[in-house]
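The structure comes first, followed by the pairs in turn.

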Amino acid sequence: MSVLSLKKWGVLIAAAGYLVACGPGEDEENQNQNQNQNQNQNQNQNQNQNQPDPDTCLDVAGNELAQITLDGQCINLQGSLSIDSGSLVIPPGTTIYFGQNEGIEIRNEASLVAVGTADEPIRFLGRESVRGYWKGIAFRNAGSPSNELAHVEIAHAGSERWHTTTDRSRGALVLRDSATRLSVSNSTFRTNAKAGISIAAAGSNVSISSSHFEDNDTPLEILPVAIGYLSSDLTFEDNDNAYINVSGSGTSTDIGEDITWVAQDVPYRFTIVVNIPDEVHVDVEAGVRAMFGSERGLQVSGGTLAINGTADAPVHFYGAESDRGFWRGLAFRDTNSSANQIQHLILEDAGSDKWHSTTDFDEGGLVVRSRSRVNVEDSVFRNNRFAGISTYRNDSQITISGSVFENNQYPIQATPRYLHSIDADNQFVDNDNQFVNVVGTSTAQRTFDADVTWQALEIPYRLATTPVIQGALTIAPGAHFVGTSDQGIEVFSGTISAVGTADAPIVFDGHESTAGAWRGLRVRASDSSTNELAHVEIHHAGGQRWHSTTDGSDTALLVDQTSRLAVSDVTIADSAGYAVTVLSSHLTDCDGLTTHDIAEADVFFTNVPDDVCFD
């Protein structure tokens, strides 16, 4: 294959097989981000200075380049050029003009080395200065480590696809296949149709740094994994779509390698659902903005995710439209790792759909699904459909602290197992339902055997299911619970310590201020001296018997099956049945037990010992 070497004051077209030893210039490794940005902007401002008139340039047919020698640095390339082997080396100061729908494709064993300087950039331009006039430059299976573009300007390209069925193969610079290696630095992409750079296939040897994107349809069109190829010093100006478009085949795409998302001047816009699979870790750095299309989202499916925002530079995940439930949200599934960390994240507009079509509670801003572990700190969940956070499987772990839940349908929805994961320092503002929705349809979802503490929150816990406690439960002073119809709290072989204070009593109430609005509390098969209620209020209970054939089990407080419970400073009011029922159990230390507005009677007891503490 012939090789073309262009030199500043002369153009030498070598015969086939002749390789020109002309390598890239030295990298400017010590420049900081601000210097790079200033250089990019200066290069853009000077883009038309000393730019030759295409009418004065030498016409060269693509298929004649190997046969002629040119004298000059400005070329009108007539006809597209495809290179399969050898090295195409272009020196600083060269300008190449392209005709309509023409371009250069570097394939297989070939390489392109175009290394200009800040004062003498290399330009690839259309003969007419209109967006989408020529086709662009494409790399296909071009795995040479020599491929490099530095101080290059590419303008007016993107007229046609390089692959007829893939729109991602259209742009000024197109990387078509995974084998391609390429370094792009200190370059400008302007006035191009479709994309300044389009990465249509994943590859681990691509880097794009210190470059400027101006007046393109879209600055970059990339696969999810290619986010990791971008440095943080890219600059953007006046593009039609002021975002980096992240797309893929179909509606869902895996990230195939560990990557870091760095913050850019523009957001990333996702048009697909992105999956982080097994053995892949993604770091999201402070200041990253990610915008998601309708029903799109990010799911950690066996891999791990660390969102590393800061107070001054939070990470922001949001919908392409500011509508509640516009995008799907963030989900964790099958990822039981302490590496899953969320710090200073703002997540809003999510909850469009379930992650699994047949699973209840599987939707919201952040969904923690099966066998997963996630730590959430100092984050904001806002304007989400269904719930800001939803977690429902008993085989996962989550901690939630220092976070704000604002204007969601529900702030948090969780099964009883996860209530201890909600710290008291979370804040709840203007949610449609100002309570933590406690849910669970199966016995496994309602039952837990861990030793936990339920904190006092700004808002109540709403019991849409009946928690079954088989471990040691402590309820903090000031905690507030609202029971729904036929639901209550059952301590079954576990223990309960609900000790409030005079200033911060623990309150159990019904979702309506009517007698029998909920079932009440039950302690059974728990003969423990640690069971205690103190400074507790129980209102509007007794709505349904705990056992359909047992008299007296329609009660605000049921102690049965050989259990023991100490009560002091407890008020029970507005029960639709009894206030207290004791069946073959101990009710001890009754100091300050007050009842009023009880439908049946204050007490119902059978087979009680002498220390039942009722007169």
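## Arg385 and Glu363

Arg385 is partly exposed, its relative accessible area being 32% (buried means under 20% relative accessible area, exposed over 50%, partly exposed in between, with a 1.4 Å probe and protein chains only). Its partner in a salt bridge is Glu363, at 2.6 Å from N to O (a side-chain nitrogen of Lys or Arg within 4 Å of a carboxyl oxygen of Asp or Glu). Arg385 sits in the loop between strand 37 and strand 38 (387–391) and Glu363 in the loop between strand 34 and strand 35 (366–368), so the pair links distant parts of the chain, 22 residues apart. Helices (H or I, at least four residues) and strands (E, at least two) are DSSP runs, numbered from the N terminus. Glu363 counts as buried, at 8% relative accessibility.

## Basis of the model

This is a predicted model, in which local features need pLDDT of at least 70, side-chain atom pairs count only at pLDDT 80 or more, and totals for chains, interfaces and linings use all residues. Residues are numbered from 1 along each chain as its sequence is written, and side-chain values use heavy atoms, with hydrogens and water left out.

## Other pairs

In the salt bridge between Glu348 and Arg382, the closest N and O atoms are 3.1 Å apart. Glu348 belongs to strand 34 (residues 345–348) and Arg382 to strand 37 (residues 380–382), so the pair ties together parts 34 residues apart in sequence. Glu348 is buried at 12% relative accessible area, while Arg382 is partly exposed at 25%.

Asp240 and Arg131 form a salt bridge at 2.5 Å, N to O.

## Total

The structure holds 22 salt bridges.
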